[in-house]
Amino acid sequence: MIKLNRPPEPQVLIDNGSVWRDSLAAAIARYGSYKLIPEEEKRRLLVGYHHDEVKIALTKSSNGKCAFCECIPSEGGYVQVEHFSPKSLYPQRAFEWENLLPACAQCNSLKSNHDTEIEPIVNPYEQIPSQYFEYDLLSIKPIVGQNFEIAQRTIEVCGLDSLRVWKPRSEILVELIGFRNSLQIGLAKYYSADTERKKAARIRSLKDAILTIETLIAASSKYSAFCENFLSKCMEYKEVKKIISTEI
Ligand SMILES: [Zn+2]
């Protein structure tokens, strides 16, 4: 999970949000509760919150990734518009821009009706996820300290420490270990360079390697927080970055 910035509210919500909210409230009053509204009517009343304009704005803000697990839903489905405070419990917030997030089908369905207002979880538009989570091999872990409880609950509610994310993380881990090994080789060559020409050539190779590695931590890359965490603990990466920075 990485920090996301919420873009301005889409015009379609500005223009229609309150009308849609009032129609939903009227239906709740008519049927006695949100749950009792017939499914077909509920679908019709709610259609606006996942209007294309909303979906596009959210998808763009998360670089096409799920706000929670950082997978790219378009690879195996599509981005869904998720209600941070569930619409079944807080129907008055069903069309509220600040309550909408882009999520994959798995995170959306696992989170389901979890009451975030009573038992909060991390909202990547509001909090800085790197202050809540760290990684241990393929697993995501809550950072010990004041954010531990909310981080642990987020992992449980969204199922962020499970096979569905271990598998793709394991493929990236293989790639990261390959990069680390190539940096080790590059560093050995750099330290053994016996002429200025060789040294300059080896620095160029190290720079190229870093550029490639850093594509994995770009906000647009899937599981970028996982990669960032790996590199933050990678001694070779730190060493090469130091060499490069003193060369500039
Ligand atoms: Zn997800």
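**Notes on a two-domain predicted model**

1. Start with the charges: there are zero salt bridges between domain 1 and domain 2, a salt bridge being a side-chain nitrogen of Lys or Arg within 4 Å of a carboxyl oxygen of Asp or Glu. Keep in mind that this is a predicted model, where local features need pLDDT of at least 70, side-chain atom pairs count only at pLDDT 80 or more, and totals for chains, interfaces and linings use all residues. Residues are numbered from 1 along each chain as its sequence is written, and side-chain values use heavy atoms, with hydrogens and water left out.

2. Where are the domains? The assignment, which is automatic or from a database, puts domain 1 at 11-119 and domain 2 at 163-247. Their C-alpha centres are 40 Å apart. Domain 1 brings 11 residues to the contact and domain 2 brings 10 (contact: heavy atoms within 4.5 Å).

3. Together the two domains bury about 750 Å², with 45% of that on carbon and sulfur atoms. Buried area here is the accessible area (1.4 Å probe) lost when two parts are put together, summed over both.

4. Now to helix α8, residues 224-232 (helices are DSSP runs of H or I, at least four residues; strands are E, at least two; both are numbered from the N terminus). Seven of its nine residues are buried, meaning under 20% relative accessible area with a 1.4 Å probe, protein chains only. Among them are Phe226, Cys227 and Phe230.

5. What covers the buried residues of α8? The cover includes strand β3 (133-136) and helices α6 (163-192), α7 (196-214) and α9 (235-247).

Notes
Buried < 20%, exposed > 50% of the residue type's maximum accessible area, 1.4 Å probe, protein only.
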